[in-house]
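User: Please take me through this model. For each label you use, I would like the criterion behind it.

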Amino acid sequence: MYTLEDTICAISTPHGVGGIAVIRVSGTQAVAIVDKLFVGRQHVAQMASHTLAFGTIVDDGTTLDEVVVSLYRAPRSYTGDDVVEISCHGSQYVQQTLLRLLVDTGARLAKPGEFTQRAFLNGKLDLTQAEAVADLIASQSRAEHDLAITQMKGGVTNQIGKLREQLLQFTALLELELDFADHEELEFADRRQLLQLVAQIKQHLKQLTESFTFGNAIKNGINVAIVGNTNVGKSTLLNALLADDRAIVSDIDGTTRDTIEETMVIDGMLFRFVDTAGIRQTNNAIENIGIERSKQAAKKAQVVIWLHDINEHVDVSAIPHEYEFLKDKTIIQVINKKDLLTETRTDTADLVYISAKKSEIEPLVERLRKLANSIPTTGVLVSNVRHYEALCQALEAIERVDSGLRDGLSGELVALDLHDCLDSLAKVTGEITSQAVLNSIFQHFCIGK
Ligand SMILES: Nc1nc2c(ncn2[C@@H]2O[C@H](COP(=O)(O)OP(=O)(O)OP(=O)(O)O)[C@@H](O)[C@H]2O)c(=O)[nH]1
Ligand SMILES: [Mg+2]
């Protein structure tokens with residue numbers, strides 16, 4: 001579907017009106033095409049690479065706009081092709097006309113992510129770095145941003161490189177054994193050494209796959225479900241957290257029917273709060289659908305805020321039977337409407353008191369802050385499902401190598417599993433890939449990147 005021969009173009013800045021807009025042209029004909037439209041002190045073809053020139057874009061003898069062109073000669077450009085970027089004024093008319101002129105002159109409209117895909121195909125980036133570009137563009141929190149930058153700088157690639165080194169060392173030892181299979185008395189690579197090396201690789205792969213829990217939380221946000229009986233103030237709490245009148249609040253039981261999800265960044269970490277329908281026995285079919293959705297939201301959440309009304313008899317150990325599945329999640333037990341409290345209470349349980357209505361929610365926010373800070377954000381964390389799945393396959397393969405060695409499996413068979421492991425790692429960086437995988441990755445990019 002994609003070819004490297006075409007010269008492609010797209011508006012790289014957001015759609016709409018702006019101060020300036022940047023239109024990017026990449027390919028062997030980029031310079032020639034722009035030169036047919038650009039009038040400056042010199043032709044683009046005569047410009048030195050990595051320089052700018054001021055001039056006008058002329059359409060049929062009339063000036064369309066005054067622009068600045070930047071030239072990046074292959075291979076020292078983002079895509080690895082010749083790239084010309086035209087900075088024009090951000091009028092939609094100018095942008096669209098310029099794009100049409102480029103197409104009329106021989107360029108083709110770029111598909112989503114096609115510039116980055118070219119960078120990958122031209123060997124400027126590996127696949128993890130290309131994916132990091134999309135993650136960086138989509139990042140909403142500091143942690144997400146840091147994760148993308150580490151990956152873009154080759155964090156994951158370096159880890160894979162280390163693993164591959166260990167694996168090659170292992171293969172060399174194993175092959176030495178294979179070469180001398182006729183001389184059983186010769187033991188070049190003793191089993192202990194091989195097993196030690198396998199243990200190291202396994203440990204390394206385990207660390208990487210386990211880091212996905214954190215990486216995923218950073219990338220997709222920490223899901224927090226606000227759950228509790230009707231009328232305890234769940235929607236009021238969501239509004240207080242967002243400092244916005246997002247959800248409908250009323251003293252009628254069963255006000256919230258559908259789940260409402262909103263995001264917020266606390267201490268650099270993205271949180272996804274889900275307000276849910278209050279739990280109660282009801283014959284109302286629609287409300288029951290809402291209650292079922294509350295359960296689903298709680299199932300998906302990593303953290304549950306279990307909210308109680310201060311006048312409710314609170315038995316925090318008594319999570320309703322049908323919510324048993326919450327056992328393994330982080331549950332924060334919160335007592336709301338503390339403004340209604342007249343006497344002081346001494347609780348043994350770990351309860352957080354708030355007044356959502358009065359926006360006195362600091363003790364709860366403090367808990368969330370602690371949670372945000374407990375998530376490691378430095379070092380290499382796997383945050384991409386595709387990487388996670390390939391690393392899990394690599395881990396499975398190395399576990400087979402391990403048990404194969406212990407069970408005295410022949411060297412050739414062990415080598416097969418070893419190659420499986422190497423192949424899985426190569427899938428992460430994109431050394432082994434298919435057009436279908438590439439399409440599924442790049443279709444999620446924006447046009448112009
Ligand atoms: N005094 C007091 N009232 C509160 C507080 N928080 C919420 N309320 C009131 O409690 C009532 C119910 O609030 P909601 O936020 O709609 O409760 P909910 O848990 O979302 O209820 P459902 O959607 O029906 O499950 C409203 O009248 C709120 O004004 C609080 O901190 N103090
Ligand atoms: Mg509600």
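**Ligand shell and packing**

Analyst: Ligand 1 has 24 residues around it, and the closest are Gly233, Ser235, Thr256, Gly278 and Lys357. A residue counts as near a molecule if its C-beta atom, placed from the backbone, lies within 6 Å of it. The model is predicted, so local features need pLDDT of at least 70 and side-chain atom pairs pLDDT 80 or more, while totals for chains, interfaces and linings use all residues. Residues are numbered from 1 along each chain as its sequence is written, and chains are lettered from A and ligands numbered from 1 in the order in which they are written.

User: Which helix gives the largest share of the shell around ligand 1? What is the make-up of this shell by class?

Analyst: Helix α9 (residues 234–242) gives the largest share, 3 residues. Helices here are DSSP runs of H or I with at least four residues, strands are runs of E with at least two, and both are numbered from the N terminus. The shell has 5 nonpolar, 12 polar and 7 charged residues. Ala, Val, Leu, Ile, Met, Phe, Trp, Tyr, Cys and Pro count as nonpolar, Asp, Glu, Lys and Arg as charged, and the others, Gly among them, as polar.

User: Why is α5 called oblique to α8?

Analyst: The axes of α5 (residues 142–152) and α8 (residues 212–220) cross at roughly 120 degrees and come within 8 Å. Angles under 35 degrees count as roughly parallel, over 145 as roughly antiparallel, 65 to 115 as roughly perpendicular and the rest as oblique. The angle of α5 to α8 falls in the rest, so the pair is oblique. An axis is a line fitted to C-alpha atoms, for helices over the stretch in contact, and the angle, from 0 to 180 degrees, is taken between N-to-C directions.

User: Which residues make the contact of α5 and α8?

Analyst: Ala143, Glu144 and Leu147 of α5 and Gly215, Ile218 and Lys219 of α8 make the contact. Residues are in contact if their C-beta atoms, placed from the backbone, lie within 7 Å. By class, this contact has 3 nonpolar, 1 polar and 2 charged residues.

User: What makes α7 roughly antiparallel to α12?

Analyst: The axes of α7 (residues 191–210) and α12 (residues 385–406) cross at roughly 160 degrees, coming within 9 Å. That angle places α7 roughly antiparallel to α12. The crossing is left-handed, a term used if the near helix is turned anticlockwise from the far one by less than a right angle, with right-handed used if clockwise. Residues of α7 including Leu194, Leu195, Val198 and Ile201 meet residues of α12, among them Leu391, Leu395 and Ile398. The residues of this contact divide into 14 nonpolar, 1 polar and 5 charged.

User: At what angle do α6 and α7 pack?

Analyst: Helix α6 (residues 155–179) packs on α7 at about 160 degrees, with the axes 10 Å apart, so α6 is roughly antiparallel to α7. This crossing is left-handed. In α6, Leu163, Leu167 and Phe170 are among the residues that meet α7, where Leu194, Val198 and Ile201 are among the partners. By class, the contact has 11 nonpolar, 6 polar and no charged residues.

User: How do you know that β1 pairs with β2?

Analyst: Two strands pair if DSSP finds at least two bridges between them. β1 and β2 (residues 18–26) have 4 bridges in the antiparallel sense, and Ile8 stands opposite Ser26 in β2. β1 (residues 8–11) is also joined to β7 by 2 bridges, in parallel, with Ile8 opposite Arg108. The hairpin of β1 and β2 has 6 residues between the strands, and Gly16 in the turn has a positive phi of about 115 degrees. β2 pairs with β6 (residues 83–90) over 8 bridges, antiparallel.

User: What makes β3 and β7 edge strands?

Analyst: The order in this open sheet of 7 strands is β3-β4-β5-β6-β2-β1-β7, with mixed pairing. β3 (38–40) and β7 (108–109) each have a single partner strand, so one side of each is left without a neighbour in the sheet.

User: Which strands stand at the edges of the 6-strand sheet?

Analyst: The order in this open sheet is β9-β10-β8-β11-β12-β13, again with mixed pairing. β9 and β13 (352–353) stand at the edges because each has a single partner strand. β9 (residues 260–266) is joined to β10 (residues 269–275) by 7 bridges, antiparallel, and β12 (residues 330–336) pairs with β13 over 2 bridges, parallel. Helix α10 (residues 285–300) lies across β8, β10 and β11, at about 140 degrees to β8.

Conventions
Two residues are in contact if their C-beta atoms, placed from the backbone, lie within 7 Å.
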